[in-house]
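Subject: Structure handover and notes

Hello,

Below is the structure for your records. Notes on what was found in it follow.

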Amino acid sequence: MGKVAMGATVVCAAAVCAAAALVVRHRMKSSGKWARALAILKEFEEKCGTPSSKLKQVVDAMTVEMHAGLASEGGSKLKMIISYVDNLPTGDEKGLFYALDLGGTNFRVLRVLLGGKESHVVKQEFEEVSIPPHLMTGFSDALFDYIASALAKFVATESDSLHVSPGRQRELGFTFSFPVRQTSISSGTLIKWTKGFSIDDTVGQDVVGELTKAMERIGLDMRVAALVNDTIGTLAGGRYNNPDVVAAVILGTGTNAAYVERAHAVPKWHGLLPKSGDMVINMEWGNFRSSHLPLTEYDQTLDAESLNPGEQIFEKMISGMYLGEIVRRVLCKMAEEAAIFGDTVPPKLKIPFILRYQIPP
């Protein structure tokens, strides 16, 4: 997993410097403050520097945290959550299944017909739904009622070719991309929100229970069969198509990694060793922090002004939710000290998170 960290750490410097350089070049060719603008950009680039020696230090620091997190609960910045997933897909799976993916400012609902090794994915349909900002900082019932309602509307659009057998209850895989303390394959309590969510009454609650109650309130007959992190879902999807896949990394709104560990190498696992001998570990590496990470003044002020200061430092440095904000802060300094937009700073540029990073399709 250390090698993956090397590539991830480079993202911030590459994306932000490229964007800032393009703006400066376009706006400042004829400006007398060109030298100051370049100095700001060069200083930022140097502080974001990730030579191989620094990357090695980051990798070593993360490896130490991984071992500590596997040894005991709360022993590391990396939670190294036991997922209770000890078997991954083989490609033989058949039938109609539903999925709900909640992991950022949007969530997806999906139904898929699996046809086994011969056909794999026969057909799939999905819908993406935006979450109103007020629900991200409101109350648990309001958020889960909104999700359940969207799911019910999606279920109502089932066609004859994508319909569960009579008498069979619909089964749902729930991908919940926030730190959860898993208690079984289909239950887990929320440890904390990340990625701009802050709903106090959900913390410490079973998120499957919250969703189940919301579905019951609107009469949706569906059972949550599995609770997984999006990284574990990505790992399962990779294994479905390739039996050699052993790790997955998310670089989207947030960032995380999961991998297949030997069960006997997880000291904090106190149950019987699974027959497979394996256990999928959800690292929650977005919370990684080390003195070796190239934190800049922009990273530090962003963190200090965030909903969760001091937490998710690695995520704030490299994930999509924060890259645009880092660019905005660099541009603000250039506007204030080098007048790259003229005598005044554009009012919109002073609005936090006005710049959004879009992942190319």
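A definition first: on a 1 Å grid over the protein atoms alone, a pocket is an open set of points with protein on both sides within 12 Å along at least five of seven lines, a cavity is a set of points where a 1.4 Å probe fits but cannot get out, and lining residues have an atom within 4 Å of a point. Grid points are joined across faces, edges and corners, and a volume is the space filled by probe spheres set on the points.

The model is predicted, so local features need pLDDT of at least 70 and side-chain atom pairs count only at pLDDT 80 or more, while totals for chains, interfaces and linings use all residues. Residues are numbered from 1 along each chain as its sequence is written, and side-chain values use heavy atoms, with hydrogens and water left out.

Pocket and cavities

The second largest pocket has a volume of about 220 Å³. Its lining comprises 15 residues, and those nearest the centre are Glu73, Ile81, Ile82, Arg181 and Lys268. Strands β1 (81-82) and β6 (180-184) each give at least two residues to this lining; helices (H or I, at least four residues) and strands (E, at least two) are DSSP runs, numbered from the N terminus. By class, five lining residues of this pocket are nonpolar, six polar and four charged. Here Ala, Val, Leu, Ile, Met, Phe, Trp, Tyr, Cys and Pro count as nonpolar, Asp, Glu, Lys and Arg as charged, and the others, Gly among them, as polar.

There are three cavities of 30 Å³ or more. The largest cavity holds about 70 Å³ of space. Ile81, Ser83, Phe176, Phe178, Val180, Gln182, Leu227, Val228, Asn229, Ile232 and Asn282 line the largest cavity, with β6 and β8 (222-228) each supplying at least two of the lining residues. That lining has seven nonpolar, four polar and no charged residues.

The second largest cavity holds about 40 Å³. Around it are Leu295, Asp299, Leu302, Asp303, Ile313, Lys316, Met317 and Ile326. Helices α8 (297-304) and α9 (313-318) each supply at least two residues of this lining, which divides into five nonpolar, no polar and three charged.

Annotated domains

The UniProt record, in an unreviewed entry, lists "domain: Hexokinase N-terminal" at residues 41-240. UniProt positions are given in the numbering used here, feature names are shortened, and annotations may be inferred rather than shown by experiment. Residues 41-240 are 34% helix and 27% strand, and the end C-alpha atoms are 44 Å apart. The record also places "domain: Hexokinase C-terminal" (unreviewed entry) at residues 247-356. Over residues 247-356 the chain is 30% helix and 16% strand, with 28 Å between the end C-alpha atoms.

Individual residues

Threonine 231 is in helix α7. Threonine 231 counts as buried because its relative accessible area is 0%; buried means under 20%, exposed over 50% and partly exposed in between (1.4 Å probe, protein chains only). The side chain of threonine 231 makes polar contacts with the side chains of asparagine 229, at 2.7 Å, and asparagine 256, at 3.3 Å. A polar contact is a pair of N or O atoms within 3.5 Å; within protein, one must be able to donate a hydrogen and the other to accept it, and residues adjacent in sequence count only if both atoms are side-chain atoms. Apart from neighbours within four places in sequence, threonine 231 is in contact (heavy atoms within 4.5 Å) with Ala248, Val249, Ile250, Asn256, Ala257 and Ala258.

At 31% relative accessibility, glycine 237 is partly exposed.

Methionine 222 is in strand β8 and is buried, at 6% relative accessible area. Between the C-alpha atoms of methionine 222 and isoleucine 82 there are 26 Å, with 140 residues separating them in sequence.

Arginine 329, in helix α10 (residues 320-338), is buried at 12%. Its side chain has polar contacts with the side chains of threonine 301, at 3.1 Å, and glutamate 325, at 2.9 Å.

Regards
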